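Here is a short briefing to read alongside the model. Keep the viewer open as you go through the topics.

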Amino acid sequence: MARQTPLNEAHRKLGARMVDFAGWDMPVQYSGIIDEHETVRTAVGLFDVSHMGEVEFTGPGALETVNGLISNDLARIADGQAVYAGLLDERGTFVDDVVAYRFSPERILICVNSSNREKDFAWMKAHAQGVTPVDRSDDFAQIAVQGPKAASLVQRLTKTDVSKIGTYRFAEGEVAGIPSIISRTGYTGEDGFELYCPAKDAVALWDALLTEGQQDGVKPCGLGARDSLRTEMKYALYGNDIDDQHTALEAGLGWIVKLDKAAFIGKEALVAQKAAGLKRKLVGFELTGNGIPRHGYAILKDGARVGEVTSGTKGPSVNKAIGIGYVPAELAAEGSTFDVDIRGRAVPAVVVKTPFYKKP
């Protein structure tokens, strides 16, 4: 039986269409994917992301322990900041992609993907040298408030000055009277927050945001819009664009890999790969013929399979068929061309600069 977030009943009352996602019963859409997508681009949308997991490291040496597990560097940021990072194996490929929150050198919270909750915790527990991690996943609910009107909505419900919370920064406060971590992060390309609150308070926070947000045109949004929004930004999705078969460098995520910091799992493999040169790269492309690229479709060059589409959609904000996929390094430059096999048709495509969507 699929697992449920604390907001499951609230979604059903709102008429959400529910689907199984990584073993969770989740809303894929409410009013429609395009409508929800456009609401986030122009107003504000709410997403239930309580299926994500949280792992906490506390005590002396917490920062050093986590820094040995992730590709980014917590020592370079201040308390109240977060980093996007790879949780990598010895080959430099992904166990997961995570966000690590630095409360202090002795308290680090890591947000992991829902499909990897148990796997990630087991990995961290097995490889942590120093502080032992604690799985806090069931203690938290998480609501993403995303869109150009997100900040004003959240501000009306909190005494915390959200204008002082910069991107990838966070504060602890109350939202609608509920203790929350207010994090200026998201997966949509729009301004907004991810609010972590006690699981028991999730419905109250969700309802308060929906009620207060009526004047902003707020709408609940599902996984469908979340996927189209992140694809337009070329944000990687674990299991599609990043996995245990591709390294962080091949995925174009060298910026979250700090090869000049002390040892972390995967560092040696990435140093060697960087020195040898990449043989394949993750690129963004547009179709120049008719069709929509989908996950798993073959990428062809002169009729031969040379890669695979990892994500694809018709981008509502760009009105183009867009995709992401791994191709040989010689086809990765902007302007390079190849074909995508769409149900037996070779549809031409061109590599373009990403993100696909840029704010007007």
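A residue is called buried under 20% relative accessible area, exposed over 50% and partly exposed in between, with a 1.4 Å probe and protein chains only. This is a predicted model, in which local features need pLDDT of at least 70 and side-chain atom pairs count only at pLDDT 80 or more, while totals for chains, interfaces and linings use all residues. Residues are numbered from 1 along each chain as its sequence is written, and side-chain values use heavy atoms, with hydrogens and water left out.

**Backbone points to check**

- Most residues other than glycine have a negative phi, and most peptide bonds are trans.
- Ala-22 is not a glycine, yet has a positive phi of about 50°; Ala-22 is in the loop between β1 and β2 and counts as partly exposed because its relative accessibility is 40%.
- Strands are DSSP runs of E with at least two residues, helices are runs of H or I with at least four, and both are numbered from the N terminus.
- Asp-302, also not a glycine, has a positive phi of about 55° and sits in the loop between β15 (298-301) and β16.
- At 75% relative accessibility, Asp-302 counts as exposed.
- Thr-354 and Pro-355 are joined by a cis peptide bond with omega of about 10°, and Pro-355 belongs to the segment after β19 (345-351).

**Domains and annotation**

- Domain 1 (7-47 + 138-232) and domain 2 (279-359) divide the protein, with bounds from an automatic or database domain assignment.
- Their contact (heavy atoms within 4.5 Å) takes 10 residues from domain 1 and 12 residues from domain 2.
- The C-alpha centres of domain 1 and domain 2 are 31 Å apart.
- An unreviewed UniProt entry places "domain: GCVT N-terminal" at residues 8-261; UniProt annotations may be inferred rather than shown by experiment.
- Over residues 8-261, the chain is 24% helix and 30% strand.

**The annotated Glu-194**

- UniProt lists Glu-194 under "binding site" in an unreviewed entry, and Glu-194 is found in strand β12 (residues 192-198).
- Glu-194 counts as buried because its relative accessibility is 10%.
- Beyond neighbours within four places in sequence, the contacts of Glu-194 include Tyr-101, Gln-142, Ser-183 and Thr-185.

- A cavity is a set of points on a 1 Å grid over the protein atoms alone where a 1.4 Å probe fits but cannot get out, and lining residues have an atom within 4 Å of a point.
- The whole structure has 1 cavity of 30 Å³ or more, and the largest cavity holds about 40 Å³ of space, a volume being the space filled by probe spheres set on points joined across faces, edges and corners.
- β2 (24-29), β3 (45-48) and α7 (223-232) each give at least two residues to the lining of the largest cavity.
- Among the lining residues are Met-26, Phe-47, Asp-48, Leu-223 and Arg-226.
- In α7, 9 of the 10 residues are buried, including Leu-223 and Arg-226.
- The cover over the buried residues of α7 includes β1 (17-21), α2 (33-42), β16 (304-315) and β17 (320-328).
- Just after α7, Lys-234 takes a positive phi of about 55°.

**Second largest pocket**

- A pocket is an open set with protein on both sides within 12 Å along at least five of seven lines.
- The second largest pocket has a volume of about 160 Å³, and its lining includes Gly-68, Glu-90, Phe-264 and Lys-267.
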